[in-house]
Amino acid sequence: MHSLDEFATAKLGELQRASLRRALIDTTRTPGIWVLRNGRRLLSFCCNVYLNLTHHPVVKEAAIAALRTYGVGAGASRLVSGNHPLLGELEARLARLKETEAACVFGSGYLANLGIIPALVGPGDLLLIDDLAHACLWAGARLSRAAVVPFRHADVRHAQALLTELRQHHPHVLIATDGVFSMDGDIAPLHALAALAQRHDAWLMSDDAHGVGVVGGGRGSNFVQPIKADVPLQMGTLSKALGAYGGYLCASAAVVDLIRNRARTAIYSTALPPAMAAAAIAALDVIESEPGYAALPLAKAKTFTRSAGLPEPTSPIVPVLLGEADAALKASRLLENEGYLVVAIRPPTVPQGTARLRLTFTAQHPDREVERLAELVRTRILAPAPATAAEAQ
Ligand SMILES: *Cc1c(COP(=O)(O)O)cnc(C)c1O
């Protein structure tokens, strides 16, 4: 066997033995909230389309109209010839929603973080990062070649201690955190981090991929409290609540201008397709004009936790911690047999020993299904027969 294939086969064997091998399973989303998988129709509790806008008639029509007129792809990077006017319109809408001077869109949220962070900090600078931050914040952090120092999850005192010790050695400091944490659903202590950043002249960046559209009246995690948290770098994605595809940064005019000049994933990558921009603009129309609709995913999540006997959530993401990877896989299979798609989340996506089910609630999940799922989780997963109770802890 070729040594390359030998290498791959051995690696896959290691993953298999640790219950960490993954496989792609064809899944098609039908209009609404159902998916088709292995010939079965399942109700999905693991899509990030919190507002079901991927299938909203107005959003789809906007994309189709743009596609008919402008074609499929953007054709080039924005600095070359790909700067379609719809991108500017989308950026103005994002900046308005987030109350910043300007915004810059990227090909995806992942690409946004890979571009933004190295454009702002580099060798000699310091980057403090929440240790549960999303993989693409970590990737951007490493790419920047700044000194990357994690602080314990949501632990402002730890971040403060690190700043007190390290601030003086670095010209610039960036503090990076998820706004809504993607695997736990909790919201970062943004007010406290903003105050800390201000005291130490550090720059606070939030990745609000799971916040926009669903918390803070649809504006995101820094708008959850009556007074908004001052976060000068608000990054996010168009692919979750907005139902489209692409990423963005909302910031001051000067920062956005610098990003356009220096973020390599914006400069050396083809622009977002016009149809995606059109879809995202239509999605923002829905979010801004129907605040009651945007509040539904969190309300559904609360219905679930109340019935399942779990702590009340602050976002539409609800983790059900099960410990070992195989316990999470077993729970996921049990729910699939009952007609629900709830994937098991395992290391390295989450820390060792914290494998879990991760449920995401959407505006259109029927209440009776949410209740039935909660009942299954409560009786069959969290409090199963004595023989397996230890596993479920
Ligand atoms: C999904 C996600 C991203 C990546 O966004 P894409 O547009 O899907 O690339 C970034 N950050 C967080 C926290 C996410 O959950």
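**Cysteines, core and strand pairing in the predicted model**

With a disulfide taken as a pair of cysteine sulfur atoms within 2.5 Å, the count comes to 0 disulfides. The structure is a predicted model, in which local features need pLDDT of at least 70, side-chain atom pairs count only at pLDDT 80 or more, and totals for chains, interfaces and linings use all residues. Residues are numbered from 1 along each chain as its sequence is written, and side-chain values use heavy atoms, with hydrogens and water left out.

For C104, the closest cysteine sulfur is that of C250, at 9.8 Å, which is too far for a bond. Burial was assigned from relative accessible area (buried, under 20%; exposed, over 50%; partly exposed, in between; 1.4 Å probe, protein chains only). C104 is buried, with a relative accessible area of 2%, and C250 is buried, with a value of 0%.

A nonpolar core is defined as a set of buried Ala, Val, Leu, Ile, Met, Phe, Trp, Tyr and Cys residues joined through side-chain atoms within 4.5 Å. The largest such core has 42 residues, of which L51, L90, L94, L238 and L242 touch the most other members. Elements that each supply at least two residues of this core include helix 2 (57-70), helix 4 (85-98), strand 4 (102-106), strand 10 (247-251), helix 11 (274-289) and helix 12 (291-294). Helix 11 gives the most, with 11 residues. Helices (H or I, at least four residues) and strands (E, at least two) are DSSP runs, numbered from the N terminus.

Strand 8 (residues 203-207) is largely enclosed by the rest of the structure, because 4 of its 5 residues are buried. Two strands are counted as paired if DSSP finds at least two bridges between them. Strand 8 pairs in the parallel sense with strand 7 (residues 173-178) over 5 bridges, and W203 of strand 8 is the bridge partner of L174. Between strand 7 and strand 8 the chain passes through helix 8 (residues 190-199) in a right-handed β-α-β crossover; right-handed here means that, with the strands pointing away from the viewer, the path from the first strand over the helix to the second runs clockwise. Strand 8 is also joined by 3 bridges to strand 9 (residues 233-237), and these two run parallel. In strand 9, Q234 is the bridge partner of S206.

A further open sheet is formed by 3 strands in the order 11-14-13, with antiparallel pairing. Strand 11 (317-323) and strand 13 (344-345) are the edge strands, each pairing on one side only. Strand 14 (residues 355-360) is joined to strand 13 by 2 bridges and to strand 11 by 6 bridges. R356 in strand 14 stands opposite I345 and also opposite L321.

Helix 14 (residues 325-337) lies across strand 11, strand 13 and strand 14, contact being heavy atoms within 4.5 Å. Helix 14 runs at about 40° to strand 14, with axes taken as lines fitted to C-alpha atoms, for helices over the stretch in contact, and angles running from 0 to 180 degrees between N-to-C directions.
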